[in-house]
Each structure stands twice: as structure tokens, then as C-alpha cells.
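Here is a short tour of the model for you to follow alongside the coordinates. Take a look at it first, and then read on.

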Amino acid sequence: MTEIWIYVEGGGNKDSRARLRESFSRFLSEPRLAAHQRSIQWRVVMCGSREEAYRMFEDRLLRFPSALVFLLVDAERPV
């Protein structure tokens with residue numbers, strides 16, 4: 001594994017997406033640091049809508065099968 005991608009539902013405009021991405025990066029700082037120490041690429045991607053998050057997640061899974069890919073969405077209903 002050389003990449004970790006985390007796709008997150010939420011973050012309306014460009015500024016709120018940047019703040020939310022920074023917040024997730026701080027919240028996940030320990031695993032992010034461990035990944036960097038092992039030369040593993042780490043990305044948190046704010047996707048906006050639930051459907052967009054799922055589409056981007058699914059695309060990453062199909063195109064990069066060796067990557068570790070996560071999808072974080074609200075628990076209001078199944079994806």
C-alpha cells in the first residue's frame with residue numbers, strides 16, 4: 001500500500017471544504033504522521049454531496065486497487 005485516501009461527505013463551498021479538510025487532518029494526525037513516516041501518500045478529500053462522495057470513492061477503488069480507500073458519510077441512511 002502506497003496511498004491512503006479518505007473521501008468525506010460535506011463541506012459546501014471552497015472555504016468550508018478547506019476548513020473541514022484541515023479539521024479531519026488534525027483529528028487524524030497520528031495515523032497521518034505514521035503514514036508519512038512510511039512514505040505513504042495521505043489525502044482527505046471533501047466531496048460535498050453524499051452521491052459525489054460515493055462516486056469519487058468508487059472511482060478511486062476501481063482505478064487504484066492497491067490504495068487503502070475510506071468513505072465517510074452521514075449515518076442518515078445506507079449508501
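## Charge and surface

In this predicted model, the chain carries 13 positive and 11 negative side chains, and the centres of these two sets are 5 Å apart.

## Overall build

Three helices and three strands make up the elements of the chain, and from the N terminus they run β-α-α-β-α-β. The radius of gyration is 13 Å, close to the 12 Å that the globule rule gives for 79 residues, so the chain is as compact as a globular protein of that length. Along the principal axes, the C-alpha atoms fill a box of roughly 35 × 30 × 20 Å.

Of the 79 residues, 33% are buried. Among contacts with a separation of 6 or more, 72% join residues 24 or more positions apart.

Strand β1 spans residues 3–8, and six of its six residues are buried. Side chains in a regular strand alternate between the two faces of the sheet. Here Glu3, Trp5 and Tyr7 are buried on one side, and Ile4, Ile6 and Val8 are buried on the other.

β1 pairs with β2 in the parallel sense over six bridges, and Tyr7 stands opposite Val45 of β2. β1 also pairs in the parallel sense with β3 (residues 68–72), over five bridges; there, Val8 stands opposite Leu72.

## A loop residue to check

Where is Ser39 found? Ser39 is in the loop between α2 (29–37) and β2 (41–46). Although Ser39 is not a glycine, its phi is positive, at about 60 degrees. Ser39 counts as exposed because its relative accessibility is 66%, over the 50% cut-off.

Key
Residues numbered from 1 in each chain as written. Predicted model: local features only at pLDDT ≥ 70, side-chain atom pairs only at ≥ 80, totals over all residues. Heavy atoms only, no water. Helix = DSSP H or I, 4+ residues; strand = E, 2+ residues; numbered from the N terminus. Buried < 20%, exposed > 50% of the residue type's maximum accessible area, 1.4 Å probe, protein only. Pairing = 2+ DSSP bridges. Rg over C-alpha atoms; globule rule 2.2 N^0.38 Å. Contact = heavy atoms within 4.5 Å. Lys, Arg positive; Asp, Glu negative; His and termini not counted. Charge placed at Lys NZ, Arg CZ, Asp CG, Glu CD.
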